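Hello,

Here is the structure you asked to look at, with notes on what was found in it. Please open it next to this email and follow along.

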Amino acid sequence: MEVGKPSFDELFENVITYPDFEYQERLNMLVGLDNQKSRLVKIISLLINPYGIEKWAEKHHKGSKKAFNYVLKRPPLIVLEGDVGSGKSELATTISDAVARQEKIDIQLLPLSLSTRGQGRVGEMTRLISAAFDYTIERAEKLKNKAGSSRGAVVLLVDEADALTQSRESAQMHHEDRAGVNAFIRGIDRVANGKIPAAIIMCTNRINALDPAVKRRSADIISFGRPTEEQRSLVLKEPLKELGFLEEQILEIVKETGPNNKDKEGFTFSDLTQRLIPSIILNAYPDNPVEFESAIRLVKQMIPTPPFNDKKYVK
Ligand SMILES: Nc1ncnc2c1ncn2[C@@H]1O[C@H](COP(=O)(O)OP(=O)(O)OP(=O)(O)O)[C@@H](O)[C@H]1O
Ligand SMILES: [Mg+2]
């Protein structure tokens, strides 16, 4: 080991191995994200197991080598971007379960720990990020097969990636952060050139602040937003029905959690699951059962999480 190279445990939070029943369940709990789910599964499976599409091409488009070369040489990064509490982190930590089951391989998720930001000491960020990529590549190399599908795959998760990847164009940017972004870009290129079963998922609230070179290296940028009426209904219907609400009462709550045409934003997914439903229950507990009148009053009083204001970061 190099002098001072951070250990694997310093860099990563708990490694998750899929398939895993718990994560399959959590993935199933995410509603209204079918589009994001299917795009993610497609890209990740293509990145970690190009053999699949090669077989498909052989069958349907024999000889179209050039076209497929472009598909196979897509960069290994996928960006999940959007509003707070919209399911980015949750989908990023659960989606590999679906990929693992589809491709019939084990997948390891390496979640880069927040402490990777370092303490801003010169060279520290660069060192940490390079080391994180070293470990990712090392693990993926071991799973590579000379021919055919790989024996497994590695997904590097960089959540809350804003600080790591914000645009180097920004004048106020600290030198140390700039070096970190450079290291990140080099890391992506190393994964791309290594032809290894690895992918990188990055989550951010600030797509506008994302460095152009990072953007360019993403195979896809998938957007997440506040739930539509239909999506809010999907989240709320079952739990409220269980609590004894009637259909029209549920509809009223669904409408009330939406944006009004003036200044009020609609609820985020997390406002619904982590604040509203628990509040409705705890409001009644321990003396009364849940009932509609107090629930709707509560909904009306509740202020949705303010949106993440990305605009001020636009150059
Ligand atoms: N589509 C959804 N269906 C059901 N629950 C959801 C959905 N999206 C988010 N949630 C709930 O909201 C919680 C927060 O989601 P998550 O942590 O993924 O948000 P995020 O997009 O990463 O937000 P942030 O940008 O603040 O990190 C999750 O634990 C999950 O329970
Ligand atoms: Mg998150």
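The protein chain has 14 helices and six strands. Keep in mind that this is a predicted model. Taken along the principal axes, the box filled by the C-alpha atoms of the chain comes to roughly 65 × 50 × 35 Å. Of the 315 residues in the chain, 49% are buried.

The contacts say something about how the chain is folded up. Among contacts with a separation of 6 or more, 80% are between residues 24 or more positions apart.

Next, the ligand. Ligand 1 is surrounded by 18 residues, and the closest are Gly 85, Lys 88, Ser 89, Glu 90 and Asn 205. Sorted by class, this shell holds six nonpolar, eight polar and four charged residues.

- A nitrogen atom of ligand 1 lies 2.9 Å from a polar backbone atom of Val 31.
- An oxygen atom of ligand 1 lies 3.1 Å from a polar backbone atom of Gly 87.
- An oxygen atom of ligand 1 lies 3.2 Å from an N or O atom in the side chain of Glu 160.

On its own, ligand 1 has 630 Å² of accessible area, and the protein covers 82% of it. Two elements give two or more residues to the shell around the ligand: helix H6 (88-103) and helix H13 (269-284). H13 provides the largest share, with four residues.

Where does ligand 1 lie relative to domain 1 and domain 2? Domain 1 covers residues 8-224 and domain 2 covers residues 229-301. Both of them give residues to the shell, so ligand 1 lies between them.

One more residue to look at is Asp 220, which is found in strand E6 (residues 218-224). Is Asp 220 buried or exposed? Its relative accessibility is 18%, and the cut-off for buried is under 20%, so Asp 220 counts as buried. Leaving out residues up to four places away in sequence, Asp 220 touches Arg 39, Ile 43, Leu 77, Ile 78 and Val 79.

Regards

Note on methods:
Residues numbered from 1 in each chain as written. Chains lettered and ligands numbered in written order. Predicted model: local features only at pLDDT ≥ 70, side-chain atom pairs only at ≥ 80, totals over all residues. Heavy atoms only, no water. Near = heavy atom within 4 Å. Polar contact = N/O pair within 3.5 Å; in protein donor to acceptor, adjacent residues only side chain to side chain. Areas by Shrake-Rupley, 256 points an atom, 1.4 Å probe, with all protein chains shown as cover. Nonpolar A, V, L, I, M, F, W, Y, C, P; charged D, E, K, R; others polar. Domains from an automatic or database assignment. Buried < 20%, exposed > 50% of the residue type's maximum accessible area, 1.4 Å probe, protein only. Contact = heavy atoms within 4.5 Å.
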